[in-house]
Amino acid sequence: MSERTAPRTAPLRARAEIDLAALRANVRALRAHAPGAALMAVVKSEAYGHGAVPCARAAVAAGADWLGTATPEEALALRAAGLPGRIMCWLWTPGGPWREAIEADLDVSVSAMWALGEVTEAARLAGRPARVQLKADTGLGRGGCQPGDDWAELVREALRAEAEGLLRVTGLWSHLACADEPGHPSIAAQLGLFQEMVAYAEERGVRPEVRHIANSPATLTLPESHFDLVRTGISLYGISPSPELGTPADFGLRPVMTLSASLALVKRVPGGHGVSYGHGYVTPGETTLGLVPLGYADGIPRHASSAGPVLVEGKWRTIAGRVAMDQFVVDLGGDEPEAGAEAVLFGPGDRGEPTAEDWAQAAGTIAYEIVTRIGTRVPRVYVNEEQDG
Ligand SMILES: *Cc1c(COP(=O)(O)O)cnc(C)c1O
């Protein structure tokens, strides 16, 4: 991902400004939501589109105890960039870089016997023990080991490998299915089963450093889910896990990314003029059109055609017609900003601009997808990199 240090006013086609002071403040706010637990900053998928290394550094500077990624490659890249401390990764496939992970001191997740076999073999070759966290499926029905015989076998064999000095079971963990719907019956069921599966492992001799199940919505709304550690992703970037739970401000969070572009063209057109592919918009009368040089290749959802909001010179404008690969058009209603004028797609909202949540609603998706899909062609411009006083 390209990094720029140029100021906001630099003549870039488009930019995603990343406010690292906001990210650091979000880390502190999240710590206050879960004061008894360690905090894992989840920086998978380029820190949800914000840039993994700068965001990981800022999160650690603000007091995050752990970093988390999905893939081992993402975790290895953080270590290679010099990030210290505990880094966990959980999405493994057969033949994965187990030995590299052991040598880089990563905590790896194991959900199944095939993975336990591969990690112990890699530890034997590396000549040092792996840090393994056993993942339980307590009801999500995605990754994780099923309760019952599967869990019994995984725990038994992990303990056997631990006794041989091939690994250390550093964690027992799981993931929630419906944490963003407080009161959903699956939440209590998952917490209960997690406690049972943890108790089973501990009775047989597992001594985990951390037991954890909470993601952002659970961190913000479900203290009984915090255990020893919370894994926060979306909230770190100042976005609410769900508009039904509350706004970022309700949780003391501030959006980190501001996406903007320079208008590439402003022109006057007559009424009845079709706009963009398929003529999904036809000007209702004489007006001005502004060309925004961002498209679906940059992660602007095509589903936001005729719906996505943009702030131009203090006014909300709506995408006119279809989002194309590299550009879309807004009807400026007769206003004539100059080419190069700023179009703000989303940000924290304090300048009156839309938010990532507004885009999620316009495109029928969640704000996670809006920020995560902003493409590599959009430079990330980091601001407030200095640690706060
Ligand atoms: C992505 C992820 C998280 C973070 O979820 P948020 O809702 O973004 O906080 C936590 N745990 C796991 C296993 C994840 O994959």
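User: Which residues in H7 do Met113, Leu116 and Thr120 in H6 meet?

Analyst: This is a predicted model: local features need pLDDT of at least 70, side-chain atom pairs count only at pLDDT 80 or more, and totals for chains, interfaces and linings use all residues. Residues are numbered from 1 along each chain as its sequence is written, and side-chain values use heavy atoms, leaving out hydrogens and water. Helices (H or I, at least four residues) and strands (E, at least two) are DSSP runs, numbered from the N terminus. Taking contact as heavy atoms within 4.5 Å, the three residues of H6 meet Glu153, Leu154, Glu157, Ala158 and Ala161.

User: Is H6 roughly parallel or roughly antiparallel to H7?

Analyst: Axes are lines fitted to C-alpha atoms, for helices over the stretch in contact, and angles run from 0 to 180 degrees between N-to-C directions. The axes of H6 (residues 113-126) and H7 (residues 149-163) come within 10 Å and cross at roughly 10 degrees. Angles under 35 degrees count as roughly parallel, over 145 as roughly antiparallel, 65 to 115 as roughly perpendicular and the rest as oblique. H6 and H7 are therefore roughly parallel.

User: How many nonpolar residues are in the contact of H6 with H7?

Analyst: Ala, Val, Leu, Ile, Met, Phe, Trp, Tyr, Cys and Pro count as nonpolar, Asp, Glu, Lys and Arg as charged, and the others, Gly among them, as polar. Besides two charged residues and one polar, the nonpolar ones number five.

User: Which residue is the bridge partner of Ala41 in S10?

Analyst: S3 (residues 38-42) and S10 pair in the parallel sense over four bridges. In S10, the partner of Ala41 is Thr232.

User: Is Thr69 buried or exposed?

Analyst: Thr69 lies in S4 (residues 66-69). Its contacts, not counting residues up to four places away in sequence, include Val43, Leu78, Met88 and Trp90. Buried means under 20% relative accessible area, exposed over 50%, partly exposed in between (1.4 Å probe, protein chains only). At 1%, Thr69 is buried.

User: What is the relative accessible area of Leu176?

Analyst: Leu176 sits in the loop between S8 (167-173) and H8 (185-203). Not counting residues up to four places away in sequence, Leu176 touches Leu140, Gln190, Leu191, Ile213, Asn215, Ala218 and Leu222. Leu176 counts as buried, and the value is 3%.

User: Which residue in S18 does Val292 stand opposite?

Analyst: S15 and S18 run antiparallel and are joined by four bridges. Both faces of S18 (residues 328-331) are covered, with Val329 and Asp331 buried on one side and Phe328 and Val330 buried on the other. Val292 stands opposite Phe328.

User: Which backbone nitrogen does the side chain of Thr288 reach at 3.0 Å?

Analyst: Thr288 is in S15 (residues 287-292). Thr288 is buried, at 0% relative accessibility. Its contacts, not counting residues up to four places away in sequence, include Lys267, Val330 and Gly334. The backbone nitrogen that the side chain reaches at 3.0 Å is that of Gly334.

Conventions. Pairing = 2+ DSSP bridges. Polar contact = N/O pair within 3.5 Å; in protein donor to acceptor, adjacent residues only side chain to side chain.
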